[in-house]
Amino acid sequence: METSTILWLASALLLITGFAGLLLPGLPGVLLIFAGLVFAAWAEGFVYVGWGTLTILGVLTAAAYLIDFLGGLLGARRFGAGKYGIIGAAIGTIIGLMFGLPGIIIGPFAGAVGGELYAQKDLRTASTAGFGVWIGMAIGIAARIAVAFTMVGVFVVVRFL
């Protein structure tokens with residue numbers, strides 16, 4: 001099999017897996033999409049899509065992860081979480097990643113609630129902060145999906161225009 005064919009197949013596989021990873025926990029969706037686009041550019045010898053475009057796509061990839069991470073924390077803040085609630089949400093997010101989908105859903109919420117309870121807040125206030133984490137996470141997921149489609153759009157525009 002020719003090298004460019006192998007690169008195109010790898011690119012397609014990475015892109016399909018990446019788009020699945022935008023919704024499935026445990027798969028680094030945006031990172032896989034970026035890798036798939038790099039392989040597509042490589043398959044054409046970087047003639048149409050060069051390193052400048054790939055650098056922009058890399059920055060978008062990093063931005064997607066930052067937005068996703070900060071979404072939950074800012075959501076908690078918006079719904080009244082204090083310093084300990086935000087720290088708890090961050091710790092809950094990191095620990096939750098180790099437990100797959102249930103951990104990703106429950107970890108940030110539990111962390112925010114735990115942090116607020118540690119700060120001597122009542123259960124209602126703490127739960128509201130946890131709910132804010134979920135709202136922020138939903139906004140982060142939507143932003144991650146938007147960034148992924150933007151990345152593909154940038155690639156297609158540069159490649160074909």
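**Close-up 1. Buried residues of helix α2.** In α2, the buried residues are Gly29, Val30, Leu32, Ile33, Phe34, Gly36, Leu37, Val38, Ala40, Ala41 and Ala43, as seen in this predicted model. The helix is mostly covered, since 11 of its 15 residues are buried, and what covers these buried residues includes α1 (3–21), α3 and α6. Helix α2 runs over residues 29–43, and its end C-alpha atoms lie 21 Å apart, which agrees with the 21 Å that its 15 residues should span at 1.5 Å a residue.

**Close-up 2. The loop that leads from α2 to α3.** After α2 comes Gly45, which has a positive phi near 65 degrees. Phe46, which is located in the loop between α2 and α3, also has a positive phi, about 60 degrees, although Phe46 is not a glycine.

**Close-up 3. Thr53 in helix α3.** The helix that holds Thr53 is α3, which comprises residues 51–78. Thr53 has a relative accessibility of 13% and therefore counts as buried, the limit for this class being under 20%. When residues up to four places away in sequence are not counted, Thr53 touches Val154 and Val158, and both of these residues fall within the range of helix α6, residues 123–160.

**Close-up 4. The course of helix α5 and its buried residues.** Helix α5 has 19 residues and reaches 26 Å from its first C-alpha to its last, a span close to the 27 Å expected at 1.5 Å a residue. A kink of about 35 degrees is found in α5 at Ile106, shortly before the proline Pro108. Pro108 is itself one of the buried residues of this helix, together with Gly103, Gly107, Gly111, Ala112, Val113, Gly115 and Glu116. These buried residues of α5 pack against α4 (83–96) and α6.

**Close-up 5. The packing of α5 against α6.** Helix α5 (residues 100–118) and helix α6 (residues 123–160) pack at an angle of about 145 degrees, and their axes are 8 Å apart. The crossing of these two helices is right-handed. On the α5 side, the contact is made by Ile104, Ile105, Pro108, Phe109, Ala112, Val113, Glu116 and Leu117, while α6 contributes Leu123, Ala126, Ser127, Ala129, Gly130, Phe131, Val133, Trp134 and Met137. By residue class, the contact of α5 with α6 divides into 14 nonpolar, 2 polar and 1 charged. Among the contact residues from α5, Pro108, Ala112, Val113 and Glu116 are also buried.

**Close-up 6. Gln120, between α5 and α6.** Gln120 is placed in the loop between α5 and α6, just after α5. Its phi is positive, about 70 degrees, although Gln120 is not a glycine. Gln120 counts as exposed because its relative accessibility is 70%, with the limit for this class set at over 50%.

**Close-up 7. Lys83 and Ala119.** Lys83 has its place in helix α4, and its relative accessible area of 57% makes this residue exposed. Between Lys83 and Ala119 there is a separation of 36 residues in sequence, whereas in space the two are 8.6 Å apart, C-alpha to C-alpha.

Note on methods. Residues are numbered from 1 along each chain as its sequence is written. This is a predicted model: local features need pLDDT of at least 70, side-chain atom pairs count only at pLDDT 80 or more; totals for chains, interfaces and linings use all residues. Side-chain values use heavy atoms; hydrogens and water are left out. Axes are lines fitted to C-alpha atoms, for helices over the stretch in contact, and angles run from 0 to 180 degrees between N-to-C directions. Helices (H or I, at least four residues) and strands (E, at least two) are DSSP runs, numbered from the N terminus. A crossing is left-handed if the near helix is turned anticlockwise from the far one by less than a right angle, and right-handed if clockwise. Contact means heavy atoms within 4.5 Å. Ala, Val, Leu, Ile, Met, Phe, Trp, Tyr, Cys and Pro count as nonpolar, Asp, Glu, Lys and Arg as charged, and the others, Gly among them, as polar. The expected span of a helix is 1.5 Å times one less than its number of residues. The bend at a residue is the angle between axes fitted to the seven residues ending there and the seven starting there. Buried means under 20% relative accessible area, exposed over 50%, partly exposed in between (1.4 Å probe, protein chains only).
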